[in-house]
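Here are some notes to read alongside the structure.

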Amino acid sequence: CQGFGLMQQVAARVARREWLILLGFIPLLMFAARTGGLPLLLFPTFAVVRRVANGRFFPQTPFNLPLLFILLMTLVSLLITFDVATSLPLVSRVVVGMGLFWGCVSGIQQRETAVWWVASAVLLLGGGLATVGVLTLNWASLFGPMATVVGLLPASLLNGLQQLVGETNPNILAQTLLLFAPLLLGGCIGLVMMSKDELKRPSFWLQLLLCLGSVIVIGLIFLTRSRGGLLGIGVALMVMLAVATRWGRWLLGTAVFVLPTAVLAYEPARTFLLSSSSADFNLTSRLEIWSRALFAMADFPLTGLSLNGFSQVVHLLYPLFTISPASQVAHAHNHLLQAGLDFGLLGLIAYLAIWLLVALLLRQAWQDEKNGRFRPLILGLIGAQTAVWTFGIFDAAPWIALPGFLWWLLLALVTSITRKP
């Protein structure tokens with residue numbers, strides 16, 4: 001009938017722009033405790049829109065099965081949690097993040113050029129979040145000159161940002177930078193490797209812009225003094241070079257054996273690794289947190305403790321000896337353990353399946369000779385996913401912090417780059 005046809009046309013237009021609409025709702029996740037379950041309503045709404053437009057609730061992707069299982073365990077988390085208000089912000093981030101993933105994939109399937117729009121969104125939004133992080137970080141304890149530079153800005157602007165988002169943790173800023181820095185690096189390395197026929201246009205200014213952006217972003221990661229950030233960008237860069245060049249493979253192989261020995265032998269590096277601060281935990285503290293996370297997973301293997309549950313009960317049920325009860329342990333400081341705590345052991349298996357699929361799809365995309373002009377993006381995605389994985393070994397999982405929504409966009413790019421229309 002004409003009415004249903006018109007509804008399909010409207011639904012198709014909305015579906016093509018779904019990911020952009022969802023990005024507009026991201027600020028709501030900052031205030032999920034105040035907005036209640038409003039962000040959660042976006043997921044079924046757009047699922048119905050996709051069903052009317054394309055005949056499917058979700059576009060077909062290799063990630064559907066593990067993601068749907070994690071979605072199920074996320075909803076279970078709301079049923080078993082001892083405090084809905086505590087779990088709701090993270091539940092909202094996971095659900096909206098999945099909506100972003102499927103929305104991006106759906107949009108890219110209908111228009112190939114949307115790949116570049118999504119990649120540009122990652123760079124712009126990542127840069128915007130990083131800028132806010134730079135302006136709200138306490139630089140006085142990290143790098144005095146940066147505090148002086150930030151202090152030149154209007155006090156009303158800085159105070160307004162502080163009231164809105166609070167003080168940024170250096171590790172959160174480092175995680176934000178890691179989510180898009182490898183895309184800039186991938187562009188630098190990839191454009192140099194590409195032939196003139198593949199480039200199709202002069203690339204000097206583009207290469208200059210990408211290289212300048214890479215230097216600035218990597219410099220900021222160093223200034224945060226985040227151990228996870230430094231390790232993440234270092235491993236990502238070596239893996240990208242190893243994938244792109246033969247000498248990079250030699251460099252990676254040498255670094256695996258030489259760097260650990262050099263760090264342990266060099267006293268300042270060893271002190272930096274083992275030091276602690278009020279905003280961070282050292283390696284000894286992390287090992288103790290990991291042991292408590294394993295105890296909790298053994299006690300709650302099927303459902304986990306619910307999202308954000310570990311931070312609320314660790315001092316009560318699993319007392320720590322090297323960390324004061326007054327110190328908040330916000331998460332397990334390991335994304336694999338966090339997956340087991342939030343989604344149960346089966347959820348951990350599903351999460352591992354996602355990473356296995358990421359590795360297989362990126363390998364397939366890099367080896368596909370038809371992906372010539374996408375190679376810089378593919379290389380950047382290899383680096384970004386490597387950085388997220390490495391950072392997560394010692395710090396926050398990608399779905400915990402607010403900038404984690406960028407990871408879902410990266411996941412959509414991984415899917416779409418190997419399933420181009």
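**Notes on the predicted model**

1. Let's begin with a helix pair. Helices α19 and α21 pack with their axes 9 Å apart, at an angle of about 45 degrees. Because of that angle, α19 counts as oblique to α21. Their crossing is left-handed. Please bear in mind throughout that this is a predicted model.

2. Which residues meet where α19 and α21 pack? From α19 come Tyr351, Ile354, Trp355, Val358, Leu361, Leu362 and Ala365. On the α21 side, their partners are Trp407, Leu411, Val414 and Ile417.

3. Trp407 turns up again in the largest nonpolar core, which has 119 residues. Together with Met98, Phe101 and Phe310, Trp407 touches the most other members of that core. Helix α19 (residues 335-367) supplies the largest share, 14 residues. A separate core of six residues lies apart from it, with Ala12, Ala15, Val49 and Ala53 among them. As general background, nonpolar side chains in soluble globular proteins tend to be buried together.

4. Setting aside residues up to four places away in sequence, Met98 touches Phe43, Leu67, Ile70, Leu71 and Trp408.

5. Phe310 brings us to helix α18, which spans residues 309-317. The buried residues in α18 are Gly309, Phe310, Ser311, Val313 and Val314. What covers them? The cover includes α17 (283-299) and α19.

6. Is Tyr318 buried or exposed? Its relative accessibility is 7%, so Tyr318 counts as buried. Leaving out neighbours within four places in sequence, Tyr318 is in contact with Arg292, Phe295, Ala296, Asp299, Phe300 and Val313. The C-alpha atoms of Tyr318 and Ala293 are separated by 8.6 Å, although these residues are 25 apart along the chain.

7. How many salt bridges does the structure hold? There are two. One of them joins Asp395 to Arg286, with 3.1 Å between the closest N and O atoms. This pair links distant parts of the chain, 109 residues apart: Asp395 is in the loop between α20 (375-394) and α21 (405-417), while Arg286 is in helix α17. Asp395 is buried, with a relative accessible area of 5%, and Arg286 also counts as buried, at 6% relative accessibility. In general, side chains of opposite charge can pair when their charged atoms come close.

8. Because Arg292 and Glu288 are four residues apart in helix α17, about one helical turn separates them. Arg292 counts as buried at 9% relative accessibility, and Glu288 is buried with a relative accessible area of 10%.

9. Finally, a word on Thr176, which lies in helix α11 (residues 170-193). With a relative accessible area of 3%, Thr176 is buried. Which residues does Thr176 touch, not counting those up to four places away in sequence? They are Gly126, Leu129, Ala130 and Pro403.

Conventions. Residues are numbered from 1 along each chain as its sequence is written. This is a predicted model: local features need pLDDT of at least 70, side-chain atom pairs count only at pLDDT 80 or more; totals for chains, interfaces and linings use all residues. Side-chain values use heavy atoms; hydrogens and water are left out. Helices (H or I, at least four residues) and strands (E, at least two) are DSSP runs, numbered from the N terminus. Buried means under 20% relative accessible area, exposed over 50%, partly exposed in between (1.4 Å probe, protein chains only). Contact means heavy atoms within 4.5 Å. A nonpolar core is a set of buried Ala, Val, Leu, Ile, Met, Phe, Trp, Tyr and Cys residues joined through side-chain atoms within 4.5 Å. A salt bridge is a side-chain nitrogen of Lys or Arg within 4 Å of a carboxyl oxygen of Asp or Glu. Axes are lines fitted to C-alpha atoms, for helices over the stretch in contact, and angles run from 0 to 180 degrees between N-to-C directions. Angles under 35 degrees count as roughly parallel, over 145 as roughly antiparallel, 65 to 115 as roughly perpendicular and the rest as oblique. A crossing is left-handed if the near helix is turned anticlockwise from the far one by less than a right angle, and right-handed if clockwise.
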